[in-house]
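Open the model in your viewer and keep the selection panel at hand. We will go stop by stop.

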Amino acid sequence: MAVRSNIVGIDSPEALEKALRAAYYLADEGLATAAYLGLALGKPLLLEGAPGVGKTEAAKAIAAVLGRRLIRLQCYEGIDASAALYEWNYPRQMLAIRQAGDESVDIYGETFLIERPMLATLRAPDSTVLLIDEIDRADQEFEAFLLEFLSDFQISIPERGTVRASERPVVVLTSNRTRDLHEALRRRCVYHWIDYPSAEREARIVMMRASSVAEGTARAVVAAVEKLRREPLSKAPGIAEAVDWAEAATLLHKGGARWPDAFRRSIGVALKDEEDLHFISPRLDALLAEASA
């Protein structure tokens, strides 16, 4: 196994943590270590956790630190290889055939190839980061296909031959753990579970991402969000919702709304489900008062 001990000046988990912080992402020791090992060992990084804990943002921050373009493959039920690898532009091929008349035309040339995320990554492994987002939403057939891709980092295009990556690409997979992933896929990755951050860390994230928010507001929002996450909601607010809520409440407060009324009026930024809003509504004032105390 080829080990890359130094990646663009990053020679330790601590150096990566510092670089991620400069990219406005606060990673704890565990995440920084897992990400560094994934980069150094040339292995995919598998990040699991509840929705909204910052898995996708971690991939974006890693790409920013490396100075690479992020290529995102959003998984969904029924996704197949053509959506991930490549497709042929059939309408353009047919038009080329008609225009060529009796002359020969190569309808499998580069101009007719529609590049999808995996192929794009194989062609430029030194300047891209491939994010395979929410792999748990794909079915097991696609997971098996992905397993083969991650083993060899090559694909075969029958009409053009085999495309191999000149070096091991940087790949980040995320999962909300709505289903268990195959053990073989996990074995090929460096794994890390991302949990919701501590109140102190989340307040720092809010203030970093929303510079106009005062520290007291950030701490009140984090306290309220923590309470909401303990409720049986269908869609608990994530870190991004906490940041948006703090900004929205601050905006209303500057417009004349008092605390904690500014929080109550902007609750739709944090909770985005009608049943959740109806469920929490009778206790929202008390919850916000306690969080703001």
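Predicted model: local features only at pLDDT ≥ 70, side-chain atom pairs only at ≥ 80, totals over all residues.

Across the interface of domain 1 and domain 2, two residue pairs are in polar contact, both at pLDDT 80 or more. Now colour the domain 1 side of that interface by class. Five of its residues that touch domain 2 are nonpolar, one is polar and three are charged.

Next, select Glu57 and Arg209. They form a salt bridge, with 3.5 Å between the closest N and O atoms. How many salt bridges are counted between domain 1 and domain 2? The count is one.

Step back and colour by domain. The domain assignment gives domain 1 two segments, 13-80 and 116-194. Domain 2 covers 199-292.

Return to the interface and show the contacts. Nine residues of domain 1 touch seven residues of domain 2. Together the two domains bury about 760 Å² between them. Carbon and sulfur atoms account for 56% of that area. Which residues of domain 1 lose the most area to domain 2? Select Tyr24, Leu26 and Gly52. These three make up 66% of what the domain 1 side buries.

Now select residues 41-200. The UniProt annotation, from an unreviewed entry, labels this range "domain: AAA+ ATPase". Show it as a cartoon: the chain here is 34% helix and 25% strand. Its end C-alpha atoms are 32 Å apart.

Stay in this range and select Arg186 and Glu48. Their side chains form a salt bridge, the closest N and O atoms being 3.1 Å apart. The pair links distant parts of the chain. Arg186 sits in helix 8 (residues 183-187), Glu48 in strand 1 (residues 45-48), and 138 residues separate them. Side chains of opposite charge can pair when their charged atoms come close. To see the others, search the whole structure: it holds 21 salt bridges.

Two backbone stops remain. Most residues other than glycine have a negative phi, and most peptide bonds are trans.

- Select Phe153. It is not a glycine, yet its phi is positive, about 50°. Look for Phe153 in the loop between helix 7 (140-152) and strand 6 (154-157).
- Select Trp259 and Pro260. Is the peptide bond between them cis or trans? It is cis, with omega near -5°. Pro260 lies in the loop between helix 11 (239-254) and helix 12 (261-265).

Note on methods: Residues numbered from 1 in each chain as written. Heavy atoms only, no water. UniProt positions renumbered as here; feature names shortened; annotations may be inferred. Helix = DSSP H or I, 4+ residues; strand = E, 2+ residues; numbered from the N terminus. Domains from an automatic or database assignment. Contact = heavy atoms within 4.5 Å. Buried area = accessible area lost by both parts, 1.4 Å probe. Salt bridge = Lys/Arg side-chain N within 4 Å of Asp/Glu carboxyl O. Polar contact = N/O pair within 3.5 Å; in protein donor to acceptor, adjacent residues only side chain to side chain. Nonpolar A, V, L, I, M, F, W, Y, C, P; charged D, E, K, R; others polar.
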